Amino acid sequence: MSLKERINEDMKTAMRAKAADKLGTIRLLLAAIKQKEVDERITLDDAATVAIVDKLIKQRKDSISQFQAAGRADLADKEAAEVEVLMVYMPQQLSADEVAQAVKAAVAQTGAVGPQDMGKVMGVLKGLLAGRADMTAVSAQVKAALAA
């Protein structure tokens, strides 16, 4: 079963269970997927669907930090609940050690020697780690590895 099919099944389950919050989040996800498919006239595969889920999670995390800064715990909690629903559709996250090993391998593979080669290394890592690791943290590790 593809990821899109799984999301559709989860939507039906949420409808039957009358889980309004979960249903709303899943509908937002399906709307984002449909929008991408219509805009680009394609059918998304699992990798593209994961990219959309990741994008929505990042948006929610940004919102959480801004709501907390504004003292709106109620809205931050709502966004956090949406993140939990969306995280179900992400692949298993890599450990810090696995990410560090991937960074070392990518630096060796590209022959990167300094900060000017960061784009090469990130290009390799993005394909390997997209959806499986926080790319902001990966970027920081690459920067540290190239600075040393």
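Tutor: Contact here means heavy atoms within 4.5 Å. The structure is a predicted model, in which local features need pLDDT of at least 70 and side-chain atom pairs count only at pLDDT 80 or more, while totals for chains, interfaces and linings use all residues. Residues are numbered from 1 along each chain as its sequence is written, and side-chain values use heavy atoms, with hydrogens and water left out.

Student: Which residues does Thr43 touch, leaving aside its neighbours within four places in sequence?

Tutor: Thr43 is in contact with Lys4 and Glu37. The C-alpha atom of Thr43 also lies 9.3 Å from that of Ile33, 10 residues apart along the chain.

Student: What makes Thr43 a loop residue?

Tutor: Thr43 sits between helix H2 (20-40) and helix H3 (46-69). Helices are DSSP runs of H or I with at least four residues, strands are E runs of at least two, and both are numbered from the N terminus.

Student: Why is Thr43 called exposed?

Tutor: Its relative accessible area is 66%. Exposed means over 50%, buried under 20% and partly exposed in between, with a 1.4 Å probe and protein chains only. Thr43 is therefore exposed. Across the protein, buried residues make up 33% of the 148 residues.

Student: How many helices and strands does the protein have?

Tutor: There are 7 helices and 0 strands, so the order from the N terminus reads α-α-α-α-α-α-α.

Student: Where do the domains lie?

Tutor: The assignment, which is automatic or from a database, gives domain 1 (3-88) and domain 2 (96-147). Their centres, taken over C-alpha atoms, are 28 Å apart.

Student: Why are H5 and H7 called oblique?

Tutor: Helix H5 (residues 96-110) and helix H7 (residues 135-147) pack at about 50 degrees, with axes 10 Å apart. Axes are lines fitted to C-alpha atoms over the stretch in contact, and angles run from 0 to 180 degrees between N-to-C directions. Under 35 degrees counts as roughly parallel, over 145 as roughly antiparallel, 65 to 115 as roughly perpendicular, and the rest as oblique. The pair therefore counts as oblique.

Student: What kinds of residues make up the contact of H5 with H7?

Tutor: They divide into 9 nonpolar, 1 polar and no charged. Ala, Val, Leu, Ile, Met, Phe, Trp, Tyr, Cys and Pro count as nonpolar, Asp, Glu, Lys and Arg as charged, and the others, Gly among them, as polar. Ala96, Val99, Ala100, Val103 and Val107 in H5 meet Val138, Gln141, Val142, Ala145 and Leu146 in H7.
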